Amino acid sequence: MRRFKKTLTIAGSDSGGGAGIQADLKTFQELGTFGMSVLTAATAQNSVGVQGVYPLPAEAVARQLDSVLDDIGADAVKTGMLFSADIIGIVAGKLERCGAGPIVVDPVMISKHGSRLLEEKAAEALRTRLLPLAEVMTPNLPEACALLGWDESELATEAAMEAAARELLRFGSRHVLLKGGHLPGSAEAVDLLLSADRPDRPERFAAARVPTPHTHGTGCTTASAIAALLALGHELPEAARRAKAFTLKAIQAAGPTGAGTGSLWHAAWRSEPLAEAGAAGTAGRSLPQA
């Protein structure tokens, strides 16, 4: 009898299919884990923007969490768009008590097109309630600035990224993966991983930038790939390294899905296997490795 490694995403729905719950479940499936979902909000969005955000009642989020965790459980959890302080409180409380596997927090705050996906008053709940539970948080540069209260002009170099990641560790996560895709003037997309037990020894993951505008879902994909790889037994930083390789392949194969920003193609890595994972639950398939 097959035993699945189980990954849970707690996030919003992207009606355009490129990010949110949809990107997470595609990633979980591609990496050989059984994906489950707790919906926090529905969005009306497509390739040109977000036309509406409709959060679920906190009670609906709580009931979904109870249904999944009481019966099925989770070997790893990824959180994305949570929208409100009430929802963050519910999620943090349930995860504290359930004993689920490692938690990956993608602090989704603003969409690629500038729409707010986290209420301003909810940022403090994110900092104080959820981040202390995280195995790793995965902010991009604008999200890091929002969490720290920095101006985005202050994050213009890798040295500044390292300083920001060190400050982000103060919120209590065990690791910070600060993604540098927004770093100006860099020929590479550089991510820095800092660990709370060695904050002065960052690990650097770099890849050449892909000349494409079609990057919708990149952050969701990276975070959910890390969650899947943690569920399969990989340790950080190996999970971060392989997640970046997986996401890079998906970006390279991305294309337009409408009139605006296109989405990643999550099945891209199948055409060019990168390394054997050697982890239970992959059914002999290869998994990405940088």
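Q: Which side chains does Arg198 meet in a salt bridge?

A: A salt bridge is a side-chain nitrogen of Lys or Arg within 4 Å of a carboxyl oxygen of Asp or Glu. In this predicted model, local features need pLDDT of at least 70 and side-chain atom pairs count only at pLDDT 80 or more, while totals for chains, interfaces and linings use all residues. Residues are numbered from 1 along each chain as its sequence is written, and side-chain values use heavy atoms, with hydrogens and water left out. Here the side chains of Arg198 and Asp197 meet, at 3.5 Å from N to O.

Q: Is Asp191 buried or exposed?

A: Buried means under 20% relative accessible area, exposed over 50%, and partly exposed in between (1.4 Å probe, protein chains only). Asp191 is buried, at 8%. Its salt-bridge partner Lys244, with closest N and O atoms 3.0 Å apart, is also buried, at 15%.

Q: At what angle do helices α3 and α4 pack?

A: Two packed helices are described by the angle between their axes and the distance between the axes. Helix α3 (residues 85-98) and helix α4 (residues 123-130) pack at about 10 degrees, with axes 9 Å apart. The two are therefore roughly parallel, a term for angles under 35 degrees.

Q: Which salt bridge involves Glu96?

A: The side chain of Glu96 meets that of Arg129 (3.9 Å, N to O). Glu96 lies in α3 and Arg129 in α4, so the pair ties together parts 33 residues apart in sequence. Glu96 is partly exposed, at 48% relative accessible area, and Arg129 is partly exposed at 33%.

Conventions. Axes are lines fitted to C-alpha atoms, for helices over the stretch in contact, and angles run from 0 to 180 degrees between N-to-C directions. Helices (H or I, at least four residues) and strands (E, at least two) are DSSP runs, numbered from the N terminus. Angles under 35 degrees count as roughly parallel, over 145 as roughly antiparallel, 65 to 115 as roughly perpendicular and the rest as oblique.
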